[in-house]
Amino acid sequence: MHVLTVDHISKSYGEKILFEDVSFGVEMGDKIGIIGVNGTGKSTFLQVVAGLEPPDSGSILVAGGATVRMLAQDPQFDPEQTALAHVLGGDSPQMAAVRAYEEALQALELKPGDAALQEKLVRANQRMDELDAWGIESEAKIALSKLGIADYGAKLGVLSGGQRKRVAMAAALIQPADVLLLDEPTNHIDNESVAWLEGMLQKRKGALLMITHDRYFLDRVSNRTLELDKGKAYFYTANYSKFLELKLDREEREAASEAKRKNLLRNELAWMRRGAQARTTKQQARIKRFEELQAAAPEKAGGKLEVSVASTRLGKKIIEIEGLTKSFEGRTVIRDFNYIAVPEDRVGIVGRNGLGKSTLLKLIAGKLEPDAGEVRLGPTVKLGVFSQEREEMDETMRVIDYIRESAERVTTGDGTTVTAAQMLERFLFPPAQQWTPIAKLSGGEKRRLQLLRVLMEAPNVLLLDEPTNDLDITTLTVLEDYLDDFPGVVITVSHDRYFLDRTAERIFAFEGDGTIVQHVGNFSDYQAYAAEHGVRSAGAADAGVERKPAGAPEETAGNKSAFEQPAGPTKMSYKEQKEFESIDSDIEKAEAALASVQAKMEASSSDSATLQDLLREQQELEAKLEHLMDRWTYLNELAEQIAANKKR
């Protein structure tokens with residue numbers, strides 16, 4: 001069933017064309033993922049489709065009787081309204097019937113013997129029957145619970161911005177709509193809520209258009225992809241994985257076409273240089289052809305986002321956490337936590353919202369004081385903190401001045417020196433945009449600017465708190481590549497399962513009551529461990545079904561269940577293969593270093609100062625050796641799984 005038509009719409013702001021001459025149709029059951037670099041107009045595009053903003057040209061046609069609803073990035077609220085009332089506040093007949101029934105019931109409780117109120121309740125009861133609306137209130141409470149809102153009567157004015165966004169999402173999911181528009185629905189919700197939302201949208205029968213950077217979410221929910229790129233719209237009947245293949249094919253075809261155009265242009269240029277005399281019709285035709293070939297040059301491709309900022313040298317002592325405990329209002333969020341960082345540690349922190357993940361980062365950064373225990377940072381540690389709490393920016397400041405406040409120039413990983421302006425270009429801020437006020441940037445562009453400022457300071461320990469919020473996939477992909485080569489330590493709080501799988505090699509799982517459990521491996525490894533040992537993982541769905549592992553195939557006629565375990569890996573990643581080849585020698589070196597330190601300790605038994613230094617070095621080496629042994633076990637098990645799968 002056709003529900004919506006986008007007919008040749010265009011939108012510009014000043015000289016910047018966001019999108020031009022975009023046309024497509026939406027059918028019931030379509031689940032369209034919208035992607036593109038921050039600042040390309042994705043949110044504006046959704047607002048135009050929703051009818052909240054007019055296009056410069058073209059039109060949006062909604063089929064008769066079809067309803068369109070949108071969850072904006074920053075929804076508006078009545079601060080005095082309760083969470084449940086907001087969710088039940090839609091204008092559909094079912095929502096009106098639920099509200100009328102609740103009002104009649106509450107009035108009768110105040111005046112039990114009132115005949116008029118009893119009659120009103122009977123009529124409300126009949127209306128609920130007619131519209132089959134009895135399950136809506138229950139569904140609203142379930143949605144709020146799954147999204148982390150336990151107090152249904154809490155007034156919106158006292159909730160945090162993230163909590164209000166989750167209330168708005170519950171309302172968008174519960175209120176009937178033929179076309180649902182979601183702008184970054186996975187921001188501000190934890191892994192468990194993301195998994196539940198994923199399942200809800202997979203089962204939803206109506207049409208869906210959504211902007212999201214969550215690649216696993218896109219892969220599992222969407223069946224069509226719309227890419228906005230330099231004012232143009234490209235459509236793919238594919239989820240995210242298939243989209244990447246189709247986009248690569250398209251770009252290769254365009255590159256071949258461009259090579260052919262350049263060859264023709266060279267021939268025409270040679271003819272022009274021989275002294276074409278524009279007198280005959282034939283010569284005029286050649287000149288016109290030359291001009292058309294010149295005009296046919298494609299737009300310059302967007303600069304590749306490169307992040308090769310060098311980090312400050314890191315010493316042997318990095319981060320030592322001993323007996324760390326922190327409570328708020330009598331509730332312990334971190335209890336007796338211990339951790340020693342080793343070089344190139346990659347830690348992912350997961351758990352439900354409110355358990356203390358961001359608190360741990362703030363304790364490491366020295367922004368909070370522990371109740372017990374301590375955090376010791378090495379003398380060479382230079383922290384880079386990228387917080388989910390947006391830094392206050394002077395939005396009257398120009399983009400380039402904001403970066404120059406951090407550093408005028410920086411040395412990159414290959415030893416060259418580049419200016420702030422050059423780094424901004426690498427971060428997709430062209431020269432003209434560098435001199436504009438920050439206020440004119442989109443929310444995602446501001447986040448990208450803040451990330452650049454953090455990296456320009458050349459940190460050697462990165463603390464990333466929900467880094468994927470509001471950053472586009474292009475930025476995330478290059479950030480992931482940067483972290484591959486980053487020589488320091490990275491500790492990340494994130495609900496983005498793909499990002500954690502891509503970057504983390506150890507998981508700190510907040511599992512309630514202040515307990516933090518450490519697991520070697522990425523997020524999918526942790527989920528597999530939790531499933532195998534009957535542990536409720538910090539990112540598992542709680543919707544009556546087993547959580548689908550990352551990378552599991554979608555349900556098809558030959559695939560009995562979307563939640564069955566996949567056959568298993570068929571090859572190692574490039575990074576895993578390189579690590580597998582060197583792990584034995586790395587262990588030997590660590591063991592030799594440990595033996596050397598132990599020998600020095602025996603020789604220095606009467607020198608207490610030297611002995612203390614050697615003892616600290618021994619602890620660091622033991623922690624490093626333990627980490628290497630865990631990786632050796634994981635990589636060898638992975639190699640055995642791959643070998644077994646190849647024999648099948």
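**Close-ups of a predicted model**

**View 1. Val385 meets its partner.** In strand E17, Leu463 is the bridge partner of Val385. E14 and E17 (residues 461-465) run parallel, joined by four bridges. Strands (E, at least two residues) and helices (H or I, at least four) are DSSP runs numbered from the N terminus. This is a predicted model, where local features need pLDDT of at least 70 and side-chain atom pairs pLDDT 80 or more, while totals for chains, interfaces and linings use all residues. Residues are numbered from 1 along each chain as its sequence is written, and side-chain values use heavy atoms, leaving out hydrogens and water.

**View 2. The open sheet.** Six strands line up as E14-E17-E18-E12-E19-E20, with mixed pairing (two strands pair if DSSP finds at least two bridges between them). At the edges sit E14 (383-386) and E20 (516-520), each pairing on one side only.

**View 3. Helix H16 on the sheet.** H16 (residues 473-485) packs here, touching E12, E17 and E18; contact means heavy atoms within 4.5 Å. Its direction makes about 150° with that of E17 (axes are lines fitted to C-alpha atoms, for helices over the stretch in contact; angles run from 0 to 180 degrees between N-to-C directions).

View 4. Eight names to spot around the largest cavity: Arg346, Val347, Gly348, Val490, Thr492, Leu500, Thr503 and Ala504 line it. A cavity is a set of points on a 1 Å grid over the protein atoms alone where a 1.4 Å probe fits but cannot get out, and lining residues have an atom within 4 Å of a point. E12 gives the most to this lining, with three residues.

Methods. On a 1 Å grid over the protein atoms alone, a cavity is a set of points where a 1.4 Å probe fits but cannot get out, and a pocket is an open set with protein on both sides within 12 Å along at least five of seven lines; lining residues have an atom within 4 Å of a point.
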